[in-house]
Amino acid sequence: MSDKTGTDELDRKTGKVVRLLEEFGFISCDDLPGQDVYFKTSWFRGSPPLREGDAVTFSVKAFGERRQAATW
């Protein structure tokens with residue numbers, strides 16, 4: 001059974017940070033062709049901070065046709 005909160009391992013996606021601005025950025029993911037996924041930099045904590053080109057693992061939340069990355 002799938003967990004609809006986005007924490008189920010099957011819901012996890014891997015992508016690459018393609019654009020990074022001060023407080024938000026976008027991830028490209030092969031599972032979601034044609035649309036980059038929005039995220040806030042504060043959602044991905046770590047040292048060192050994220051950089052463009054970094055690989056990330058995340059889950060996806062949908063808001064209508066818009067997609068947003070979420071960490072678990």
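## Confidence of the model

Where pLDDT is low, the predicted coordinates should not be read in detail. For the protein as a whole the mean pLDDT is 81, with 85% of residues at 70 or more.

The structure is a predicted model, in which local features need pLDDT of at least 70 and side-chain atom pairs count only at pLDDT 80 or more, while totals for chains, interfaces and linings use all residues. Residues are numbered from 1 along each chain as its sequence is written, and side-chain values use heavy atoms, with hydrogens and water left out.

## Fold and surface

The protein has 5 strands and 0 helices, and the pattern along the sequence is β-β-β-β-β. Both kinds of element are DSSP runs numbered from the N terminus: helices are H or I with at least four residues, strands are E with at least two. Of the contacts with a separation of 6 or more, 45% are between residues 24 or more positions apart.

Of the 72 residues in the protein, 25% are buried. Buried means under 20% relative accessible area, exposed means over 50%, and partly exposed lies in between (1.4 Å probe, protein chains only). The protein exposes about 5300 Å², of which carbon and sulfur atoms supply 47%; these areas come from the Shrake-Rupley method with a 1.4 Å probe, and for residues only the protein chains shown count as cover.

## Nonpolar core

The largest nonpolar core contains 11 residues, including Val17, Ile27, Leu32, Phe39, Phe44, Leu50 and Ala69. Strand E3 (37-40) and strand E4 (55-63) are the elements that give two or more residues to this core. A nonpolar core is a set of buried Ala, Val, Leu, Ile, Met, Phe, Trp, Tyr and Cys residues joined through side-chain atoms within 4.5 Å. In soluble globular proteins, nonpolar side chains tend to be buried together.

Phe39, in strand E3, is buried at 0% relative accessibility. Beyond four places in sequence, its contacts include Val17, Phe24, Ile27, Phe44, Leu50 and Ala69. Leu20 is another of these contacts; the C-alpha atoms of Phe39 and Leu20 are 9.4 Å apart, at 19 residues apart in sequence. In strand E4, Thr57 is partly exposed at 38% relative accessible area.

## Aromatic pairs

The whole structure has 5 aromatic pairs. In Phe39 and Phe44 the ring centres are 5.2 Å apart and the planes lie at 80°, so this pair is edge-to-face. Rings of Phe, Tyr and Trp (its six-membered ring) pair if their centres lie within 6.5 Å; planes under 30 degrees apart are stacked, over 60 edge-to-face, and the rest tilted. Phe44 is buried, with a relative accessible area of 13%. Phe24, Phe26, Tyr38 and Trp43 are linked into a cluster by ring pairs.

## Salt bridge

There is 1 salt bridge in the whole structure. Its partners are Asp31 and Lys13, whose closest N and O atoms are 4.0 Å apart. Asp31 lies in the loop between strand E2 (24-28) and E3, and Lys13 in strand E1 (residues 13-20), so the pair ties together parts 18 residues apart in sequence. A salt bridge is a side-chain nitrogen of Lys or Arg within 4 Å of a carboxyl oxygen of Asp or Glu. Asp31 counts as exposed, at 51% relative accessibility.

Definitions and conventions. pLDDT is the predictor's confidence in each residue, from 0 to 100. Contact means heavy atoms within 4.5 Å.
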